[in-house]
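Biologist: I am new to this structure and would like to learn how to read it. Could you take me through some features, one at a time?

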Amino acid sequence: MLDMSVRDAEYSCQASMGRASQGELLQGTLPLLILRTLATGPNHGFAIARRIQQLSKSVLRVEQGSLYPALHRMELDGSIESYWGTTENNRKAKYYRLTRRGARELANETDRWKAIAGAIATILQEG
Amino acid sequence: MSLPAWLMRLWLRLRATLSGARDRDVRHELALHLQLLEEEYISRGLPPNVARARARREFGNAARFQETSHDLFAFRVVEDLAHDLRYAVREMRRRPAFTATVVASLAVGIGAATAAFAIVDALMLRGLTVREPDRLVAFASTEGRWTFWPHLALQRWQDVPDTPLDVAGASDVITQKPRAGQADSSKDVRITLVSTNYFQVMGAEMERGRAFAADDVRAPVAVISDEYWRRSLGVPGDASGLSVEIDGIRYPVVGVARRGFGGHAIAQPTDVWLPIAPATVALRGPGTLVGPRWATAAPWLHVVGRLHAGVTIEQATASAQLTRQRFVAEKIVELGVDSPEAARDRRQTFALVSAATGHAPERSRYARPLGIL
């Protein structure tokens, strides 16, 4: 099975050349995936990572080394906000939820991603 | 989000920098992730110790991205500053001699700068607290130094018909020991003898009472500064009925000058003004106004003037010089062309200079070095 890491190049200080080029391709996709995941409701970091993995049928695996910096950056940018909640096992966990701004970003970015993916798909088919 | 985004961001960052709570939050968040990862492996059937080892390996270096997150939120500059300060304090405690030297140098430096500024402020920046100071002039040498004139010369300038400027005379400051029993007897009392129109010419307003009137030369009266009023006569209170005693003579106070006015001599503010009169002139010592007529020609008065509206300083100078020439000509007729006094008067040249910032002979001496400062 194909195992591809989603890395945001911006946060990946130790990325080798090969991985960096892979990350570059996918740059900006991690925040989009996080926004998409949180659109179904607030969640904590671990669950967000698992949910992305699950939704991508295990194709995409999010490393925590990328996940948390991305979450914190997005919180700072105001597209998500955090609060302390309890998990189903009654553990204290930091939950993230979409802000109104985040919801707007999700819509815009989804459209943009689809346009780019469509364009790339067209080119690849032409080839 | 109710707050503007940038404000929210600033708040988050400030909180993170100052409290350290953010770091605890991140540690907790990462610890939970590790724990959930471990539990996930256990639920897949791995033995606990293997599950833990695998979770840790996969998790990687938590400290690294904890730091990344910290940098994201905190103000590095503020933090580094705090670190530096703590380091500085530690070092200073370890080396007290060095610290004392540094502190002493700084103290001397700051003190010197402050003192220098006080002088600059007093001599160069602060003007006179009078009405339209730009119209004030003084009779000076052609190099601009204020000169002393005999009382007779002042009177001649005062008597010019259709004069383009009003002139008044003022002695230099006479210093007297204060009378015992005053509220503040530590400072000398500074007295200036002035012609009765001095305050009108200077454009100095009265805080209380009145300025001198023309017939105040007959009975002893005084005008005092607001500063002196407060300093030594125990005020604020009623100024009426006040008097100052100088050389055994009691001078009733008729007026208190407006706060901030200490006469034209900026560096030596006057406490008490007395009108130029035979009785007060004696304060300067014997011989000033006594003796034969030309003997009273001793120069002891600064002459200040207030230009009439629309008059330039050059026009006023020309007019004053013309009057002076007539006066000197009269003296020559009376004393003879070969008299030493006539010769002196003929040589004497003068010009009017602006007195908008008062009289401070120190100013020209310090102007250049202070200007550099």
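Biologist: Which helix holds B:R324?

Modeller: B:R324 sits in helix α11 of chain B, residues 313-335. Helices here are DSSP runs of H or I with at least four residues, strands are runs of E with at least two, and both are numbered from the N terminus. Please keep in mind that this is a predicted model, where local features need pLDDT of at least 70, side-chain atom pairs count only at pLDDT 80 or more, and totals for chains, interfaces and linings use all residues. Residues are numbered from 1 along each chain as its sequence is written, chains are lettered from A and ligands numbered from 1 in the order in which they are written, and side-chain values use heavy atoms, leaving out hydrogens and water.

Biologist: Is B:R324 buried or exposed?

Modeller: Buried means under 20% relative accessible area, exposed means over 50%, and partly exposed is in between, with a 1.4 Å probe and protein chains only. B:R324 has 7% relative accessibility, so it counts as buried.

Biologist: What does B:R324 touch?

Modeller: A contact means heavy atoms within 4.5 Å. Not counting residues up to four places away in sequence, B:R324 touches B:W149, B:A153, B:W157, B:D345, B:Q348 and B:F350.

Biologist: How many residues are in the largest nonpolar core?

Modeller: Here is the general idea: in soluble globular proteins, nonpolar side chains tend to be buried together. A nonpolar core is a set of buried Ala, Val, Leu, Ile, Met, Phe, Trp, Tyr and Cys residues joined through side-chain atoms within 4.5 Å. The largest one has 37 residues, and B:F139, B:W157, B:L193, B:V244, B:V272 and B:L274 have the most contacts inside it. Helix α7 of chain B, residues 151-158, gives the most to this core, with four residues. A second, separate core has 31 residues, including A:Y68, A:I80, A:Y95 and B:L30.

Biologist: Where does B:V353 lie?

Modeller: B:V353 is in strand β11 of chain B, residues 351-354. B:V353 and B:I313 are 40 residues apart in sequence, and their C-alpha atoms are 7.4 Å apart in space. Leaving out residues up to four places away in sequence, the contacts of B:V353 include B:I313, B:L136 and B:W146.

Biologist: At what angle do α4(A) and α2(B) cross?

Modeller: Axes are lines fitted to C-alpha atoms, for helices over the stretch in contact, and angles run from 0 to 180 degrees between N-to-C directions. The axes of α4(A) and α2(B), the latter spanning residues 21-43 of chain B, cross at roughly 140 degrees and come within 12 Å. The two helices are therefore oblique to each other; angles under 35 degrees count as roughly parallel, over 145 as roughly antiparallel, 65 to 115 as roughly perpendicular and the rest as oblique.

Biologist: Which residues make the contact of α4(A) and α2(B)?

Modeller: From α4(A) come A:Q64, A:L67, A:Y68, A:H72 and A:E75, and from α2(B) come B:R22, B:V26, B:E29, B:L30, B:H33 and B:L37. By class, this contact has five nonpolar, three polar and three charged residues. Ala, Val, Leu, Ile, Met, Phe, Trp, Tyr, Cys and Pro count as nonpolar, Asp, Glu, Lys and Arg as charged, and the others, Gly among them, as polar.

Biologist: And how does α4(A) pack with α3(A)?

Modeller: Helix α3(A), residues 45-55, and helix α4(A), residues 64-77, pack at an angle of about 115 degrees, with their axes 11 Å apart. The contact is made by A:G45, A:F46, A:I48 and A:A49 of α3(A) with A:L67, A:Y68 and A:L71 of α4(A). These residues divide into six nonpolar, one polar and no charged.
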